[in-house]
Structure formats: structure tokens, C-alpha cells
Amino acid sequence: MNKGEPKIKKQKEIPQLSKKFFHKWRVFFGVLCFLLSIISSISFISFIKNWKADQSQAGQFLDRSLSSTNIFGKIGDWLGNVFVLKSFGISALILSFLLFFLSTVIFRKKIFKPWKTIGHSIFFLCWTPILLGGIFGGSGTLPGVYGYQMADFLGHVIGNVGLWLIILSSIILYFILEFNVRPDAIKERIKTIKSNIKKVDSNEDTSSLPNNDIGDIDSTQNNESKLSNQTQPIQPIPIQEYRGNDQQVIQKVEPILTPSQQRISEKSDQVVSETPTNTIELSTQSTPDTESSEKHSEVQVSITPQSNDKTFDLKIETPVEDPEESSSVPLKTSSDTQTTDSTLPVSTPSAYDDGESKAAALVQKYGEYDPKLDLNQFKMPNTTLLKDYGNTEITIERGELEENKNKIVSLLQTFNVNISEIKAAVGPTIILYEIIPEAGTRVATIKNLQDDIALNLSALGIRIIAPMPGKGTIGIEVPRKNPILVPMKQILESPKFKNSGMELPIAFGRTITNDVFMADLTKMPHLLMAGATGQGKSVGINVILASLLFSKHPSEVKFIMVDPKMVELSLFSKIERHYLAKLPDTQDAIITDPKKVIATLNSLCVEMEDRYALLLAAFCKNITEYNTKFKQRKLNPENGHRFMPYLVLVVDEYADLVMTAGREIEQPIARLAQKARAIGIHLIIATQRPSVNIITGVIKANFPARVAFRVTNNTDSRTILDASGAKDLIGRGDMLFSNGNDLIRLQCAFIDTPEVERLADFIGEQKGYSGAYELPEVESTGSASNSNGVDPNERDPLFAEAARIVVGSQQGSTSMLQRQLKLGYNRAGRIMDQLETFGVVGAFNGAKAREVQFSDLQSLEQFLESIPN
């Protein structure tokens, strides 16, 4: 025994020491866990709010140049970055809860059941990020990296349907295990409710209380009801009620009435609801207790379209007690007990007021319609995608200014033209000298000296503006010796562009006074561009498109791009699912085939007519008013109304279309130019041949806004601008802009092809719509009779012989038919059109001969025999 005593003593000392140690540090660790739970939870919430600004600063504790917006500073940024962004997302708050739970365990406070709490926390920590990852994808911080990657992995392995089946199965299994939701448990609960009701009825008969009020049900003592002298309401019993035509089960709390309340209910058909004044009252039966009045305070508003397209039925749904009553009950207020009919024609003033109130109710419940929500994760491109060309500020070279001034004054004095004042304005590529001649000097005299001034200054592109619009001066534009580039990035970052407030802002570049020049495409409303090859026309188109892409969401504008040259607009094919529109059966959104251009233009005409019909039904004058009404939920989508994005048609080479597709292209373009402005369809047409046979009077009359780059002669300048001046430009983006008033000389902004490619890649890599915006389908004739006016039933007597000549020589030429058959040009042309109609030769291909579709005479003879006479 003596030998065993030391061992027993040692075994008792060890736990005693550990208990003393734990007791000594228990308070410290408990407080530490509690403080960590508070710090981590606040850091997580603050990081979720400001994560875009704080995630780049996470871990940079020693860099004093960075300031944090997190409540707990850079430590909070680090905690949020590690546990929220890179781990569990918003579910990281569960970790904070576990720290708080650990502190309660340390303090021996039995607030939670330990194993149940840990199990629930692990379940929600694992599945909540996956659920949020499936809903929001990789945007924001809600799912975290874990949630997004797990949802993405499961989506690729078992598909999106399988992912949601797993998530829903887990949620259902959790509720079954947690709340014992099983058929036998539900049946047992119903039996308990019925037994409680029977016991309440039996106790009511034997009650001897003065007020016959029933006391509380004591469920802990064999579920037997006991009477009490105190007047207390009984606990409400949940029941199920079937209401509505769709037999939807509505969970409802039905209070058990006291005997006195039941007698009141039997004597009175209507029960007054205890609601405060100026609140909605319902003309249905209810109990007078507080629970009933609170229950009727919830009102659901829904608008149901009627058969008449211009009427709606406003229904106020409330949980009425009688299951046989209609779910649509009239409203009355405390100050007005008369009910009003909520279904009225739109044309009446009262219906208009009702429509306004219904729309206001919908807006209050759901908010205004936001077309951007379809692509709510879309990120607008940033100017960091564009190249920074360094310092491009305008520098004034005094020596160059003085030299040019002296030469101009000296030359004018040589021709006896005296100047009383001269001043200069310096732009990126042009210096504008404004002179005030002495009294008695003819303006035409100075204007005729343009070539002499250009010779004296040894400069190309001298332009004299005599007189300056709105000024009493004469302007002389002289190119700079060292022109300065105008980067697109600089224009887009200017306050004028950011705060423009235009519907479709286009930033062209800078004026000769170095001001950013912008114009609204909706105010133009169409733009005609022309210029010789290599003078900046294609860059100008890219500048226009970039301006709209940097400012408008994909839901707000769509482009129809026509590129006969096949290479100028091909980079924008990457944004097809975001910004482009096309015909339903068209494979490529960038139209390069001239045959499809006419179908696309006709489709735009159909879209124009459809939009005008919607404007007529909505009593709107333009697309802005219509979309505003639609956003305010005043237009019913079930009646065909829809949000209408702007449609911008861009044609890079109009002259080539006229040569290949013929004059049929001019008619739909003229129709669109005349009528499409109000419904948001705008045209941008560019050509390098601004001749009168390409830009006809019909086109010019409907394109008041025009841009001219350098052209080769004054005739082309007058064709595009109705004035000379484009011939005197210096090229490389030097342009003249006219919007029906005076000419404005600009230096077009510069955006290089790699910049356009980066912009298109940035947009194309994001989630877009399922496809391009579909234009209305147009009926196809199935033959060439529409295009060449040939009736297939009428053939020339020499049709078969002409077909043999064409196939035998393998050359589809009208002049050859003239020589071989000794015909006039008109008849030979008609025969060639008939050959095209029956598929013997291909379509007209400009100066080239038509393609012959048959390789030998034997196959041709078989084809001719199959044609009915």
C-alpha cells in the first residue's frame, strides 16, 4: 500500500493542475473568442460593402500611401480578403458565429446545443456558398471563391440542372431532419389539433367563468386544457385553406374564438376591425381581436390583363376567413365606405388615373423596370483598355506663331489689304488666325488670296473662312508644323464626355480651339461620312462605335453592321451576343454579302413600322417617352409592349453596295432616313466615293449631319458638304463636320486597331445574351423575280439557244449574247435576267462576267427538258 500511495497522489495532482490552469485562463480565452467574433464579423461586413476598393490593399500593412475604408483598417481588409473573397463569401459570418459559440462554451453558458450547433454551422458553411455561386456566378463577394468554383465544377460535371437538384435535395433533406417533416408526423399533428379543438369545445360547455373565456392550453400536461380566471386569448391554430381557381393551398392562422366572441359573430354579419384611421379596411367578416386586425393589414396588389388590351383589373388579395369568398375584394377607406370598380377603359380620365395608381403601386412594390438586369453582371469597358500615348497637351510655339503672322500680314499688305487686328487660336493640328481688316476692305479680296497665302507659308491645307460665323473677323486656318495626336483615351476621360447626358454620345475629337467636340446621334439623327482612301474614315467609324460602347449598356443600343470590304468591322463580331443585331436565319452578324443587305434593310423597315404601332398604342411621340413609360410600368408587356433599344445601322462602304446590289438599296435607306428617327433607328453611312451618282439628292436630303475627310476635288466636297473646303484638308483625321449649319473643323480622335481588338475582347469575354438581337423576319420570294422583275412563266423564244451559248462558252456575258444572237442590248439583257431566274447563270457581279452554273451541255439539256413550256 505504501508503494502505491505516491502513484495515487500523482494521478490526482495532474487533473487538479489542469483545472487550475484552465480556470485561470478561462476568462482570457472566453473574452478573446468573443472579441474575435465581433472583430471578424464587423470586418467581414465592412469588406463586403467596400470590397472593390479594399481587396487590392489586403496584406499591404506597411504601405502608408494606401488608406483603407474598412472599419478595422488593413487588418479588416486582410480578414475579408482571406475568409470572404477567397473562401466562403458571406458565409464567412458563420465562422464568426462559431467563435461566439466557442466563447459561450468556455464560459459554460448553455445557450446552444453544442453538437447540433456545430452540425448546422458546417452544413450552411458548405452549401450556402454553393447556392450563392449557382445564383450569382463569379460576380461580387457573396459566394466567394469556394462557392463559385464548387458551383462551376458541379455545373460542368453534372450540368446546371443536376447542380440545382443537389442543392434543392440538400435543403429538403435538412428540413425533413430538422423539423421532422414526415407524413406520419403530419398526421399525428393533425390528430393533436383535432383533439385540442374537441377538448376546447367540451371545456366551453362546462365553463363557469363570468365571461366564458377560455384560458391557455397547457400542452405539457397530457395536452389537457385547463380553465383560468384570467381572460387570455387562446393560441392560434394553423390550418389550411383552399382559395382561388388554381386551388392553391394558403397557410393561415385561425384564432379560436371565446364563447362571447362567437355569440357576437353569430349576431352580427359584419365585424368591425380594430384598425387605426386612414388605413385600408376590408368589407369582409373577421374577428374583432387584435390578431385578426393585424392579419388583415397585409395586402397583396396584382394587375391582371383583361381581354381588352387597354384595361387592367386591380385585385387586392387578403387572407379572408371564409374560404368560399372570392380572393378579389373591394377596398374602402375609413373616410369612404363606397367601393369603386377598378376595371375601366384607358381612354377615360378615371381610367387614366387608375392606370397611374396601378403603375405607381407596381413601381412601389417592384421598383422601376431596369433593362440592365438581364445582364446585371456586365461591366462597362474602362479606358485602361486604350493606349496611353503620353503627354499630348497642346504646346504653343511662339516662334511659329510670330513667323506665320508676319508672313500673312506682309502678303496682305502686298495686295493692299491692311489689317487692324490679328489674333491666333492654337489647336492640335491647326492654328486659326483671326484678322480684322480695315474699313473699306472687300472680303472677297482676302478670300481670293487663299492660294497665295498657302504659297507664302509653304503649307498644305490653308482654308479661309470669310467671314467667321457670328464674328466680325476673317479666319485663316494654317496647319501646324508639328501636329499633336488626339488619343481616344484622352477624349473619353474628359469631363465633357463623362457628364454629357446625351442619349447616344459621339466624341469626334477636338476643335481648332482645342475643345472636346461631341454630338448626340439622336439629334443628328443620321450621319453621312465621306473621304478619300487613307484619310481617316475607317478610324472615324471606330471612334463613333467606341464612343457608344464606352457609354451605353448592351440593353440600350444594338448595331447592324454592313461591311462589304469584309475587314473593316470584322473585329466587332466578338460582341455579337452583346451589341449586334441580325436576321434570325443569318449566320454572321457582320453582313458582308450584298444580297443580304437588302433583306436586312427591309427587316429594319418592318421593325420601324412595328415600333410606330407600339408608340401609337402607348400615346407616345418618340422612343424616349415610350421607354420612360415602360420603365414606370405603365405599359403591359402582355399587350406586346417591350423595352426598345436604339438601333444603329453602320455601312462602311455604301458605294460598293450601290454597285453590287443596285438601286434597290436606296429605297429602304431613304425610308429609314425619313421616318426612323422617332423610334430610335439611326443610320451611319460611309463611302469613299462621294459622287452624285452614289450620294443622290434623296440621300442628302435626309442626312443633315455630314462628316467630310480629305477628298481629291472640290466637286466631291460640294457633293458631301454642299460647300467647298474638304479638298483643303491635310488628311490623317483632319475633318469637317456639318449639321445643317456652319462647317466645324475638327481633328478626329485616334484609336488604333489593337485598342479596338482589346475593347472587343473585353466585351466578348463577358456573359452575354443567348444570341444577337433578332430583327423581324421578312418574306422571301424564293426566286429572282423580285430583284430583276422577270416573270418565270414568260421566256424569250431565244432562251434555250442563249442558254446553250452561255454554257458552251462558260461565259455569262450580255455583250456576247448580243454578238452571237445579233440582238439589241435591252433584249439581250432581258434574256440574261431570265437565265439568272432559272439558275443558268449567277447574279450580277459588277464588271465581272456572271458565273455559269452548268458545266456541260448535257446537264443543261436535261434541265431544259424539265422546265414546263
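# Exercises on a predicted model

Gly731 sits in the loop that connects helix 23 (714-721) with strand 19 (734-739); helices (H or I, at least four residues) and strands (E, at least two) are DSSP runs, numbered from the N terminus. The model is predicted, so to speak of local features pLDDT of at least 70 is needed, and side-chain atom pairs count only at pLDDT 80 or more, while totals for chains, interfaces and linings use all residues. Residues are numbered from 1 along each chain as its sequence is written, and side-chain values use heavy atoms, with hydrogens and water left out.

## Exercise 1

Determine whether Gly731 is buried or exposed, and find which residues Gly731 touches.

Step 1. Gly731 has 3% relative accessibility and therefore counts as buried (buried means under 20% relative accessible area, exposed over 50%, partly exposed in between, with a 1.4 Å probe and protein chains only).

Step 2. Leaving out residues up to four places away in sequence, Gly731 touches Gln535 and Arg710; contact means heavy atoms within 4.5 Å.

Step 3. Gln747 is 16 residues from Gly731 in sequence, and their C-alpha atoms are 9.5 Å apart.

## Exercise 2

## Exercise 3

Work out the strand order of the open sheet of four strands and name the strands at the edges.

Step 1. The order is 7-8-10-9, with antiparallel pairing; two strands pair if DSSP finds at least two bridges between them.

Step 2. Strand 7 (419-426) and strand 9 (463-465) each have a single partner strand, so one side of each is left without a neighbour in the sheet, at its edges.

Step 3. Strand 7 and strand 8 (residues 430-437) run antiparallel and are joined by seven bridges. Ala425 has Leu432 of strand 8 as its bridge partner.

## Exercise 4

Describe how helix 26 (residues 799-809) packs with helix 28 (residues 825-837).

Step 1. The helices pack at an angle of about 75 degrees, with axes 10 Å apart; axes are lines fitted to C-alpha atoms, for helices over the stretch in contact, and angles run from 0 to 180 degrees between N-to-C directions.

Step 2. Helix 26 is therefore roughly perpendicular to helix 28 (angles under 35 degrees count as roughly parallel, over 145 as roughly antiparallel, 65 to 115 as roughly perpendicular and the rest as oblique).

Step 3. Phe799, Ala802, Ala803 and Val806 of helix 26 meet Ile831, Gln834 and Leu835 of helix 28.
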